[in-house]
Amino acid sequence: MMWVVRFELRRLWRSYLAGGLLLLTVLLTALFFWFAQVGVGQYRTQLLQDLESKDQSVGQEVNGLQFQIKQTDDAAVKKVLRAQLNLASRTDDGIMAQIKAVKQRNSPAFIAGGLQVSRYGPQFNKTGAGNSAGWSDQQLLQQKQQYQTLQKEHQAFESPTVTMQAPGLLVNWQRLLASPLTLVLVILILSTLWVTAVFTANRQWMQLNVQPAWHWLAANWAVMSGIWLMMLLIANGCMFLFARFLGSPLLSGTISWTAVLPGSKLTYWQAWLLALGQSWVSFIGGYGVWLGLTQWIQRRRRG
């Protein structure tokens, strides 16, 4: 059995597939990193635009309340309007602090400003004027919980789907590598040596020299399963180096591998390991099925 494995390794080494796979792995990793970098820039721009839009809406409410206070002489009405103005001003101060933090790329200040908005925003909403900013109490509550967790754990503010932080970037990259479409493409590429051998005269030589015949199939399956695992490790290693030396955070600060991934109960480390395991195990099963299918097709052709 071992000599068949060595034969498959030698066949892989002598082909252009081995070098091509290494080059393809590095190039695709760099391409994903570049797209992630562009995505972070776009997300920062969109984040700033959203905040400026909210600041404009709340600012109009502030100006309107100030005008109403000047226009009325009723002490009771003025008291109500001043209370509303206080809430509106504090909410707007939080938004402006976030805008400044985005421009300065200051994550702690952004989180502090967000907590201020989350604190006074719901009270402002109850006055009926806050709805013009386009947020709900539920959104503000979720935002408050997120920011409190980040502040407590000293984590940076980041988008979980578009990030240059190493933990988030590697989780997103590995999840892409575990997607069904990626696995289908990889199976087709890595089965090139097997398919070309099965449907050429080389198969007859292997049938005469490899007994039992399934040893050849098992050897190819084992070799390519190991190659895919190696490709996964190389791809993730390259991505980690890219993130470490070339990546920049959305604002500032870092995210820990032990932090909980937003929208999940898993830490970044656990999410990455899960995606890595899914990618490898799915490939093992899918590649084995593909090998069996090509065997069946070849026998049908001969029959």
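This is a predicted model: local features need pLDDT of at least 70, side-chain atom pairs count only at pLDDT 80 or more; totals for chains, interfaces and linings use all residues.

Two bits of housekeeping. Residues are numbered from 1 along each chain as its sequence is written.

**The whole chain**

Switch to a cartoon view. How many helices and strands does the protein chain have? There are 11 helices and zero strands; both are DSSP runs numbered from the N terminus, helices being H or I with at least four residues and strands being E with at least two.

Now colour by pLDDT, the predictor's confidence in each residue, from 0 to 100. The chain averages 87, and 88% of the residues score at least 70. Select α9 (residues 202-209) to see where confidence is lowest, at a mean of 54, then α6, where it is highest, at 97.

Of the 303 residues, 42% are buried. Buried means under 20% relative accessible area, exposed means over 50%, and partly exposed is in between (1.4 Å probe, protein chains only).

**The largest pocket**

Next, select Leu47, Lys54, Gln143, Tyr147 and Phe157. Of the 22 residues lining the largest pocket, these lie nearest its centre. A pocket is found on a 1 Å grid over the protein atoms alone: it is an open set of points where a 1.4 Å probe fits, with protein on both sides within 12 Å along at least five of seven lines, and lining residues have an atom within 4 Å of a point.

This pocket holds about 550 Å³ of space; a volume is the space filled by probe spheres set on the points, with grid points joined across faces, edges and corners. The lining has 11 nonpolar, eight polar and three charged residues. Here Ala, Val, Leu, Ile, Met, Phe, Trp, Tyr, Cys and Pro count as nonpolar, Asp, Glu, Lys and Arg as charged, and the others, Gly among them, as polar.

**The second largest pocket**

Move on to the second largest pocket, with a volume of about 450 Å³. Its lining has 21 residues, and Leu28, Trp173, Leu177, Thr182 and Val186 are the closest to its centre. Which helix gives the most to this lining? That is α2, with eight residues. The lining is made of 18 nonpolar, three polar and no charged residues.

**Three loop stops**

Select Thr127, in the loop between α4 and α5. Leaving aside neighbours within four places in sequence, Thr127 is in contact (heavy atoms within 4.5 Å) with Gln84 and Leu87. Gln84 is 43 residues away along the chain, yet the two C-alpha atoms are separated by 6.8 Å.

Jump to Arg105, in the loop between α3 and α4. Arg105 has a positive phi of about 55 degrees although it is not a glycine. Most residues other than glycine have a negative phi.

Last stop: His154, in the loop between α5 and α6. His154 also has a positive phi, near 55 degrees. Is His154 buried or exposed? With 70% relative accessibility, His154 counts as exposed.

Notes: Side-chain values use heavy atoms; hydrogens and water are left out.
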